Amino acid sequence: MSKLRVNAFTLSLDGYGAGPDQDLQNPLGLGGESLHKWFVDTRTFREMVLGQDGGTTDVNEAFAARSFENVGAWILGRNMFGPIRGEWPDDSWKGWWGDNPPYHVPVFVLTHHKRAPITMEGGTTFHFVTDGIHSALEQARAGAGGKDVRVGGGVATIRQYLQEKLIDEMHLAIARCCWARARTFLPASTCSSSVMSATSRWRRRSPRTSSSSGRRWRANLPPRGGDCSFVYLNTSPARKARAAALGVRIRG
């Protein structure tokens with residue numbers, strides 16, 4: 001049976017999945033590219049997104065390649081499609097990725113504002129869904145031809161599907177960085193507790209898999225000494241020390 005999947009989705013140690021202040025120059029928010037460094041360096045990303053040769057062939061590549069396997073349709077939140085808010089001013093914006101997006105299958109974009117489908121090169125067609133996540137999933141499964149449906153993000157979209165217990169398989173990559181003002185994946189009460197609340201469950205257990213009712217959850221913690229460095233506000237000296245012991249460099 002077709003699965004609803006989240007793959008290769010990166011969170012900071014304090015539970016954030018994108019940087020703040022998304023705009024044309026910062027599609028992932030300020031500093032957001034650093035979250036996904038493990039992914040953008042892989043051969044899969046370079047080939048499928050950039051159309052370039054090269055890239056890493058390590059365990060990161062294995063997870064990146066797996067994330068695209070058997071995907072027949074995607075579901076995206078509107079911010080994943082572009083920075084425009086409110087009514088569509090015109091039909092000029094067609095996504096972040098140019099004429100040939102890396103999906104090559106139907107993509108269903110959640111929005112409150114109607115728009116006609118957009119057919120792109122390479123097999124991608126963007127469909128704009130205005131009647132909620134259940135409708136988007138129904139349409140995506142119909143368009144997937146028996147293959148899986150992948151939820152690409154953002155964090156609010158993934159959280160909605162999680163709250164409805166619709167996600168069958170989820171792989172999260174944990175980046176060694178901390179933010180206090182961004183798009184949070186975890187509940188606010190969880191994010192505000194401690195850097196260690198995010199790291200203690202996953203430290204030195206990469207990948208970790210658990211099962212519940214046939215669903216799989218996996219989290220990857222990058223090797224010690226990652227190169228992310230972000231401001232983490234309202235952090236006590238003790239928490240900063242514990243984060244530093246895990247190789248997280250914190251400014252501020």
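Predicted model: local features only at pLDDT ≥ 70, side-chain atom pairs only at ≥ 80, totals over all residues.
**Exercise 1. Carry out the steps of Exercise 1 for N70: which loop holds N70, and what is its phi?**

Step 1. N70 sits in the loop between α4 and β3 (71-77).

Step 2. Its phi is near 55°, a positive value in a residue other than glycine.

Step 3. With a relative accessible area of 43%, N70 is partly exposed.

**Exercise 2. Find the cis peptide bond between G153 and G154 and place G154 in the fold.**

Step 1. Omega is near 0° for the peptide bond from G153 to G154, and the bond is cis.

Step 2. As a reference point, most peptide bonds are trans.

Step 3. G154 belongs to the loop between β7 (148-153) and α7 (155-163).

**Exercise 3. Describe the packing of helix α3 against helix α4, from geometry to residues.**

Step 1. The helices are α3, residues 43-50, and α4, residues 59-68; they pack at an angle of about 40°, and their axes are 7 Å apart.

Step 2. Angles under 35 degrees count as roughly parallel and 65 to 115 as roughly perpendicular. The angle therefore makes α3 oblique to α4.

Step 3. On the α3 side the contact is made by R43, T44 and M48, and on the α4 side by E61, A64, A65 and F68.

Step 4. Sorted by class, the contact of α3 with α4 has 4 nonpolar, 1 polar and 2 charged residues.

Step 5. Take E61, found in helix α4. Its relative accessibility is 7%, so E61 counts as buried. Leaving aside residues up to four places away in sequence, E61 touches T42, R43, T44 and T56.

**Exercise 4. Classify two aromatic pairs and state what they connect.**

Step 1. The structure holds 13 aromatic pairs. Two are worked through here, W38 with F39 and W74 with Y103.

Step 2. The rings of W38 and F39 are 5.5 Å apart, centre to centre, with 55° between the planes, and the pair is tilted. W38 is buried at a relative accessible area of 14%, and F39 is buried at 12%.

Step 3. For W74 and Y103 the ring centres are 4.7 Å apart and the planes are at 70°, so this pair is edge-to-face.

Step 4. W74 lies in strand β3 and Y103 in the loop between α5 and β4, so the pair ties together parts 29 residues apart in sequence. Both W74 and Y103 are buried.

Step 5. W74 and Y103 also belong to one aromatic cluster, formed with F68, F81, W88, W97, F126 and F128. F68 is also one of the α4 residues in the contact with α3.

**Exercise 5. Characterise the surroundings of A140: where is A140, and which residues does it touch?**

Step 1. A140 is placed in helix α6 (residues 133-143).

Step 2. The relative accessible area of A140 is 0%, so A140 is buried.

Step 3. Not counting residues up to four places away in sequence, A140 touches A73, I75, F108 and V149.

Step 4. A140 and P106 are 34 residues apart in sequence, and their C-alpha atoms are 7.4 Å apart in space.

Note on methods:
Residues numbered from 1 in each chain as written. Heavy atoms only, no water. Axes fitted to C-alpha atoms, helices over the stretch in contact; angles between N-to-C directions. Helix = DSSP H or I, 4+ residues; strand = E, 2+ residues; numbered from the N terminus. Parallel < 35°, antiparallel > 145°, perpendicular 65-115°, else oblique. Contact = heavy atoms within 4.5 Å. Nonpolar A, V, L, I, M, F, W, Y, C, P; charged D, E, K, R; others polar. Buried < 20%, exposed > 50% of the residue type's maximum accessible area, 1.4 Å probe, protein only. Phe/Tyr/Trp six-rings, centres within 6.5 Å; stacked < 30°, edge-to-face > 60°.
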